[in-house]
Structure formats: C-alpha cells, structure tokens
Amino acid sequence: MDALAEIKELIKNGRQKSFTDKENSLIYFNKAKSIAKKENLEREIPLIDSFIQIHIEKDFDKADKLLDKYKESKNIQLLAYFYLLKGRIFSEKGEYDLVIEYCQKAFDTPGFDIPGNALNNIGLAYSNKGNYGRAIEYCQKAFDTPGFDTPGRALSNMGNAYYNKGDYDRAIEYFQKALETPGFDIPGNALNNMGLAYYNKGNYDRAIEYFQKASTEFEDLGENESVRKISYLIINLTIENKIGRERFEASSISDISDKIFKEDFIKKTALKDPGEKIKQILNEFNITAYQKYAEEYESRENDTNKQIDDDFLIILKGWSSSIPLVSGRINEYFEGNICKGGGYFIRWKGAGLVIDPGINFLENFHENKFHIADIDIVLITHNHLDHNYELLQINDAFYQTNKFLKNVKRQRYILDKETLDGKRSDLYKDIIEIETPFDTGTIDSGERDLKEKYNIIIKLFKTEHSKDVEHSTGAIIELFEQKDDNEPIIKIGLTSDTKYFPGLSEKLVDCDLIIPHFGMLDKKELDDENDDVHDTHLGFNGMKKIIEGTNADLYAITEFWGGRGDFRVDLIRKIIFDLNEKKKIKNIIAGDVGCKIKLPSKHIICSNCNTVSNYKTTSTVRPEKSFGKLRYLCENCHSEMSTRL
C-alpha cells in the first residue's frame with residue numbers, strides 16, 4: 001500500500017471511530033499525519049486536521065480555515081474528502097443547497113471510496129430543506145451502497161423523513177431497523193423519535209415506554225440535559241394520558257406538574273412575550289426570500305466565473321402523466337425511486353425558452369443551477385398537467401422576483417387555447433406577453449417569429465392527441481446564429497403528445513434533432529410493425545415511423561409512461577435493432593432529467609466526466625435500479641465502466 005492510500009485508510013478509520021470512540025479516532029488521525037510528514041505529504045495535513053476539528057473538536061470555523069489552506073496548496077490529491085468536509089461545514093451553517101452541491105462533487109470524483117457517506121449527507125440536506133421524498137431517496141441509496149459504514153444512521157434518517165411526512169408507521173419501522181443494525185451509534189435518538197411517533201399515533205403507553213428507553217440510553221452517556229427533557233416529556237404525557245388531550249391542552253402544564261412533582265425537578269423560566277422571539281426572527285431574516293433569490297441572479301450575472309454557459313438544450317423531463325405524483329406513495333413499486341416529470345429548457349444566444357413545464361419542472365430547473373430570470377419564453381403545447389402544471393408557479397416566481405431585479409424583465413408566453421382559457425385569470429399579466437395559436441382551430445397562425453429579439457423562430461403545427469385538447473400542437477424550433485441569417489443553423493423538432501398521423505413525418509423531415517414523445521407500449525407492437533393501437537400517443541410503431549421517415553442527426557426519445565416498468569434502454573436497443581435489420585443507421589438516445597445537448601453540434605455532455613461527447617458515440621446507460629436516472633457516457637467513461645464490470 002502506498003503512503004497516500006495508507007493515509008486515506010487511516011482517515012476512514014478515524015472518521016468511523018469518531019462516532020463511538022473519539023480517543024481511538026484521534027490515534028488514527030495522528031498516525032495519518034505522521035505518515036504524511038514522513039513521506040513528504042505535508043500538504044495533506046490541513047485536510048487531516050480538518051477531520052479532527054469536525055469529528056472530534058466540533059470546531060467548524062477552524063476546520064473551514066484549514067480547508068482553505070489545503071485548497072491553496074493547489075496539489076489536492078484527496079479532493080473528494082475536501083468536498084465531503086466542505087459539505088459538512090455548509091450543513092452546520094444551514095446552507096443546504098451547498099451541502100448537496102459539494103457532496104455531489106465528492107460522489108462524482110473518480111476513486112472516491114466512501115460514496116455512501118456523501119449520499120447520506122445529501123439525504124440529510126434534503127430533509128433539512130423539507131424535501132422528504134428526496135431525503136428518503138438519497139438515504140436509501142446510501143444504505144444500498146456497498147461498504148457504507150453507518151447504515152444505521154441512514155435508516156434513522158429515513159425514519160426522521162417519514163416522521164416529518166406524517167407517515168408514523170413507516171417512521172417506526174425504520175427507527176426499529178436502525179436499532180437492529182450492528183454498530184448503530186445513536187440509539188437514544190431513534191428511541192426518542194419512536195416515542196414521538198407513537199405519541200402522534202395516540203398510543204401513549206408505547207410512547208412512554210420508548211421515552212423511558214431513550215432516557216436510559218442518554219443517562220448511560222452522561223447526557224443529563226437530554227435526560228431532563230425526556231423526563232419532563234414523560235411527566236406531561238402521563239398527565240395527558242390521565243386527563244385527556246383536550247383538558248391537557250387547556251390546562252397549565254406547569255401548575256399540574258408542580259402539584260405532582262417537586263418544584264426543583266423542573267426549573268421554571270420567566271415567561272416572555274412571544275412577540276420578542278418573532279422580532280428576533282425578523283431581524284435575522286432582514287431581507288425576503290425573493291430579494292435573496294433576485295440578488296443571487298444579479299450576483300451571478302455580474303461574475304463571469306458564475307455565469308451559465310450558452311447554446312444548449314437540456315431535458316428536464318423524466319416520466320409522464322401522473323406517475324411523478326404517485327411514485328412517492330407506492331415507492332416500492334418504483335424500487336425506491338421518486339419518479340420526476342418536468343419539461344425542456346433551451347438556452348440560445350443568452351435567451352431562455354421553456355417548453356411544457358410539467359410536474360417537478362422548477363425543482364429540476366433549479367437543481368441544474370438555472371434561475372427563474374433565465375426564462376424569456378414559455379411554450380405550452382397542450383393543456384395536460386404533465387405539460388403545464390408549473391406554468392402558474394413560473395409566473396408567480398417571476399412576478400415576485402421581478403420586484404427586486406434592477407433591470408425589470410418580461411416573459412413571453414405562447415399557450416395553446418385550452419391552457420390559456422384555463423389559466424388566464426390566475427396569471428400576473430403585467431410582466432408577460434401572452435398569445436395563443438390556433439384559437440380558431442386553423443393552422444394559419446402557427447409561426448412565431450422571435451428572431452429580432454431572440455434569434456429564434458417557433459413553428460407550431462397541429463397534432464392529434466386527445467379530444468379534451470383539440471388545439472394541441474407540436475413545434476419546430478429554428479435557431480439562428482445571427483438575426484440577419486436567412487437559414488437557421490439548427491432545427492429542433494418536438495412531436496409533443498400525439499398519435500401518429502399521415503403527414504407528421506413530413507413536418508419534421510428537415511429537423512436536425514427530433515424529440516419524439518413515446519407514451520406507452522403494447523406488446524403486440526413488438527411483433528407487428530403494422531399494429532397501430534394508440535390513439536393519443538406515438539407508441540412503439542408510431543415512433544419508428546417518425547424515425548424512419550425523417551433524417552435527423554439525433555433522436556432523443558422522451559415521455560415514457562412508467563406505469564408498467566422501466567424499459568427505456570431496452571426500447572432504444574430494440575428500435576436500433578429493428579432499423580439495423582433494414583440497413584438503417586440512426587443515432588438514438590432515451591432522454592432523462594439532466595441530459596444536456598450542446599447546440600448546434602448536438603453533442604452530449606458526459607454524465608461522469610462532464611466533457612462534451614460526440615452524439616454518435618455517446619452511450620445511454622441504464623440506472624443501477626429500475627426507474628433511476630439514466631446516464632450518458634462518453635467513449636472513455638463507458639470503456640472504464642465496462643472494464644470495472
């Protein structure tokens with residue numbers, strides 16, 4: 001084992017020991033420092049000292065300064081550990097978005113040997129943000145990670161998330177699993193939280209039982225303050241159990257407690273006007289969330305190092321229909337994954353075009369570091385919730401943020417008639433321009449020339465989806481390098497939701513990049529290419545007709561239903577197989593949240609190394625578990641993965 005590998009192993013052992021045996025933990029850390037000095041690796045010492053400050057001394061400010069010193073050495077060999085520790089410090093500061101960012105960086109760093117810890121920390125950050133579904137998702141991933149050294153904590157964290165969601169039975173289940181996990185180092189916390197869960201279920205006897213067990217654990221650890229708080233909790237719960245909740249809530253807890261127990265058992269505090277606490281909170285939060293959000297945008301725009309890149313299409317859409325709404329409730333069906341919906345975002349020459357912002361769109365949008373002020377145009381193709389669910393949220397967030405922007409912006413909405421009729425009264429109209437094509441059922445008004453301002457022309461065509469959305473549309477997005485150019489540099493075709501109909505392929509025949517909406521699959525289609533069973537979506541055969549009848553360089557298939565399994569990668573392979581049988585070569589990927597396509601080249605950003613990968617050689621890689629996130633790997637990363645497998 002070389003010196004650096006030995007240092008990493010000692011850091012891992014020291015970190016793990018810190019949860020239960022700080023004295024031995026320090027021995028491991030000091031031994032790592034000794035080896036660093038002996039092997040001329042002194043530059044790693046500030047990192048080791050940071051572990052000591054965080055895990056033993058609990059001095060996060062000192063740890064942060066040490067990490068700054070470590071980063072300045074510009075010879076960071078344990079980069080993933082650096083990211084992990086920065087995430088821990090941001091957690092202490094309550095900056096949970098930065099926790100997620102830095103722990104994700106740690107997880108993505110090649111060779112990182114404790115990925116489960118990064119995933120668990122991301123789960124905790126989501127829990128602190130109130131996003132309990134994502135918290136459960138990441139803690140489960142941490143628990144499932146081979147070699148994860150604190151599985152009990154991940155289970156306990158999932159229990160906390162279920163508790164905060166109000167699912168007390170699942171919370172109790174996961175707290176119990178944590179308690180049964182060998183090496184679980186915080187049983188008192190889990191026992192106390194089980195007591196709270198039973199209390200909320202109205203089972204006072206079990207609640208008291210678990211509070212008493214928790215008190216014993218804390219007493220053994222010498223945590224007298226925790227023992228005192230739990231004792232007081234047991235007192236009040238015993239009283240509530242005897243006199244009933246209504247009488248208990250109407251009574252003076254302190255007076256009843258004093259009559260039954262000695263006055264010196266619980267120290268009374270002088271009552272304070274709650275208004276003082278409210279004032280304190282208002283002073284701490286001296287600007288509104290929207291002010292902070294607007295400042296974030298203007299800070300980014302004024303710093304060239306923070307500005308987002310330009311000229312790309314990013315798919316922010318995972319699953320279709322109501323699957324994103326039910327996946328959290330029947331989580332086991334989706335193998336622990338929270339299935340997301342969404343839409344699309346095109347950034348071209350500084351302008352932002354959002355297409356069909358359905359369920360989860362803004363969550364996906366923000367997770368990819370975009371801002372509501374990045375949106376200039378919103379296009380809605382039809383009035384279904386997986387295509388326009390978050391239109392009003394975009395409008396409201398833009399309206400509230402615009403109040404604090406130095407340069408007030410306006411957005412342009414291009415809406416189908418049913419969406420406009422349904423949303424018109426709820427939109428803030430003074431900050432937007434609204435128009436609707438096909439309001440008379442004709443196709444005469446299908447072109448929107450935005451070239452002068454945005455270097456974009458949007459050409460809309462009528463589609464055949466379902467009877468409740470008779471004005472549904474598909475779209476061709478033409479992007480121009482210069483406003484004066486006569487021909488676009490790239491054409492992007494979007495079928496949106498539609499059955500296949502004569503003339504559809506002809507509308508898209510000149511497109512360079514086509515995004516067909518698949519829908520769902522009938523087994524009969526796999527054996528009979530003439531079978532046409534779908535009257536609202538393309539389905540398998542309709543999609544094949546689109547691909548065979550057009551000449552795009554790249555096809556990114558989206559709008560997967562997911563209600564009968566995850567066969568996205570297999571579907572792509574089946575299409576390519578069938579086309580190869582006909583001597584037809586096409587470049588096809590399955591689209592998922594985060595798939596970023598550079599324009600006009602159509603090359604794809606590698607999910608692993610973040611480099612630009614030729615679309616002809618990019619591989620769509622299935623997730624580790626069904627319904628998980630697809631990855632897009634360049635040749636090198638795919639080759640390395642295949643070698644490891």
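What volume does the second largest pocket have, and which residues lie nearest its centre?

Reply: The model is predicted, with local features needing pLDDT of at least 70 and side-chain atom pairs pLDDT 80 or more, while totals for chains, interfaces and linings use all residues. Residues are numbered from 1 along each chain as its sequence is written, and side-chain values use heavy atoms, without hydrogens and water.

The second largest pocket holds about 980 Å³ of space. A pocket here is an open set of points on a 1 Å grid over the protein atoms alone, with protein on both sides within 12 Å along at least five of seven lines; volume is the space filled by probe spheres set on the points. Its lining counts 37 residues, and nearest the centre are Phe-19, Lys-58, Arg-88, Leu-124 and Arg-153. Lining residues have an atom within 4 Å of a point. By class, the lining of this pocket divides into 13 nonpolar, 14 polar and 10 charged residues; Gly is put with the polar ones, and Tyr and Cys with the nonpolar ones.

Helix 5 gives the most, with 6 residues.

Helix 6 also holds Ile-100. Ile-100 has a relative accessible area of 14% and so is buried, the limit being under 20%, with exposed over 50% (1.4 Å probe). From Ile-100 to Asp-311 the sequence separation is 211 residues, and the C-alpha atoms are 26 Å apart.

Helix 8 (residues 132-144) contains Ala-135. Ala-135 counts as buried because its relative accessible area is 2%. The next residue along, Ile-136, is one of those lining the largest cavity, together with Tyr-162, Lys-165, Gly-328, Asn-331 and Ile-338. In a cavity a 1.4 Å probe fits but cannot get out.

A strand is a DSSP run of E of at least two residues, and pairing requires at least two bridges. Across from Ile-514 stands Tyr-555 of strand 12. Strand 12 (residues 554-560) is mostly covered, with 7 of its 7 residues buried. Strand 12 also pairs with strand 13 (residues 588-590), again in the parallel sense, over 3 bridges. There, Ala-556 has Ile-589 in strand 13 as its bridge partner.

As for cysteines, the count is 0 disulfides, a disulfide being two cysteine sulfur atoms within 2.5 Å. For Cys-139, the nearest cysteine sulfur belongs to Cys-103 and lies 11 Å away. Cys-139 is buried because its relative accessibility is 2%. Cys-595 is likewise in no disulfide, the sulfur of Cys-606 being its nearest at 11 Å. Its own relative accessibility is 1%, so Cys-595 is buried.

Technical notes:
Helix = DSSP H or I, 4+ residues; strand = E, 2+ residues; numbered from the N terminus.
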